[in-house]
Amino acid sequence: MNDITNKVAYITGGSKGIGFGIAKILLNNGMRVAISSRSLEVAKKAAAVLSDDPTKILAIASDVSSMADEMNAVKKTTAHFGQFDVLVANAGVGHFAPIDEMTEANWKATIDTNLTGVFNSVKASIDPLKKSRGYIITIASLAGANFFETAAAYNASKFGLVGFSQAIMLDLRKYGIKVSTIMPGSVASYFNNHQPNDADAWKIQPEDIGQLVADLLHMNPRTLPSKIEVRPSMPAGK
Ligand SMILES: NC(=O)c1ccc[n+]([C@@H]2O[C@H](COP(=O)([O-])OP(=O)(O)OC[C@H]3O[C@@H](n4cnc5c(N)ncnc54)[C@H](OP(=O)(O)O)[C@@H]3O)[C@@H](O)[C@H]2O)c1
């Protein structure tokens, strides 16, 4: 098993939901973690819940749709912890409407966050990851393989992200950088203004995606699970 103790991960959008669950599990596995939000106050609040040890946790304000923000976030993470081993490109939004009702603003927000946002965080991380022979994990979706009504923007962003992730996996493995994309089904998070509640028990929980990320990082470096679909084991509501 690969030893991940003290390794450093930067998780985009770690203030709540899946990113927060991943941060929790990586900290439990002895890693050090930077989480981002568009708001420093929100990132700091989430970081305080995760750990009171500043040598383990760092809160960063960054909008993934800004290359300058992401460059700054990776620099801050590396300077704070002295190394940079893992990027989890998780930040994402969902705007759902039939195409005749979809606004240009919501189309742009979806593509700029879910697709260009991952491009920005990956570009910002490549140099330090070459040094550490590190790992990029992108959080795509089953909506990156299955289309549905009202999801033109979301489907386009996630189909694009799955393709992007697979292509960079081939580009980067010669540097010892591993790339995996995780494609979750329904997760009990705050996605699309949802409030997690008791009726979400059948869904994947954010910590389960965290455990999957930890399992990938623990994998013997000679082996690379590059694309992982993950879904609730029971039908919706069961
Ligand atoms: N929930 C599901 O069923 C599901 C299924 C498959 C895939 N996913 C994917 O999982 C990822 C995480 O979503 P979630 O379910 O955890 O949703 P969530 O609970 O709404 O959390 C979204 C996170 O992304 C951050 N974020 C949004 N826009 C951002 C931006 N421009 N820059 C930086 N951070 C940004 C949010 O931070 P702030 O709001 O604090 O800025 C928050 O931390 C997304 O990529 C989503 O598409 C979710």
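Biologist: In this predicted model, which helix gives the most to the shell around the ligand?

Modeller: The shell around the ligand holds 32 residues, of which Gly13, Gly17, Ser37, Gly92 and Ser189 come nearest. The elements that give two or more residues to this shell are strand 2 (32-37), helix 4 (104-114) and helix 1 (17-28). With 3 residues, the element that gives the most is helix 1.

Biologist: Into how many nonpolar, polar and charged residues does the shell around the ligand divide?

Modeller: Glycine counts as polar here, and Gly13, Gly17 and Gly92 are among the residues that come nearest to the ligand. Taken over the whole shell, the division is 10 nonpolar, 19 polar and 3 charged.

Biologist: Which residues is Ile35 in contact with, leaving aside its neighbours within four places in sequence?

Modeller: Ile35 is one of the residues with the most contacts inside the largest nonpolar core. Once the neighbours within four places in sequence are left aside, the residues in contact with Ile35 are Ile11, Gly14, Ser15, Gly19, Ala23, Ala43, Ala46, Ala47 and Ala59.

Biologist: At roughly what angle do the axes of helix 3 and helix 5 cross?

Modeller: Two packed helices are described by the angle between their axes and the distance between the axes. For helix 3 (residues 67-81) and helix 5 (residues 116-132), the axes come within 8 Å, and the crossing is right-handed. The contact is made by Met67, Glu70, Met71, Ala73, Val74 and Thr78 of helix 3 together with Asn120, Ser121, Lys123, Ala124, Ser125 and Pro128 of helix 5. As for the angle at which these axes cross, the value is roughly 35°.

Biologist: Why does Glu104 count as exposed?

Modeller: Glu104 is placed in helix 4, and its C-alpha atom is 36 Å from that of Val49, a residue 55 places away in sequence. Glu104 is exposed because the number of other C-beta atoms within 10 Å is 7.

Biologist: What is the phi of Asn193?

Modeller: Most residues other than glycine have a negative phi. Asn193 is found in the loop between strand 6 and helix 7, and Asn193 is exposed, with 6 other C-beta atoms within 10 Å. Asn192, in the loop between strand 6 (178-184) and helix 7 (206-218), has a positive phi of about 60° although it is not a glycine. For Asn193, phi is also positive, with a value near 65°.

How values were computed:
Residues are numbered from 1 along each chain as its sequence is written. This is a predicted model: local features need pLDDT of at least 70, side-chain atom pairs count only at pLDDT 80 or more; totals for chains, interfaces and linings use all residues. A residue is near a molecule or strand if its C-beta atom, placed from the backbone, lies within 6 Å of it. Helices (H or I, at least four residues) and strands (E, at least two) are DSSP runs, numbered from the N terminus. A residue is buried if 20 or more other C-beta atoms lie within 10 Å of its own, exposed if 12 or fewer, and partly exposed in between; C-beta atoms are placed from the backbone. Axes are lines fitted to C-alpha atoms, for helices over the stretch in contact, and angles run from 0 to 180 degrees between N-to-C directions. A crossing is left-handed if the near helix is turned anticlockwise from the far one by less than a right angle, and right-handed if clockwise. Two residues are in contact if their C-beta atoms, placed from the backbone, lie within 7 Å. A nonpolar core is a set of buried Ala, Val, Leu, Ile, Met, Phe, Trp, Tyr and Cys residues joined through C-beta atoms within 7 Å.
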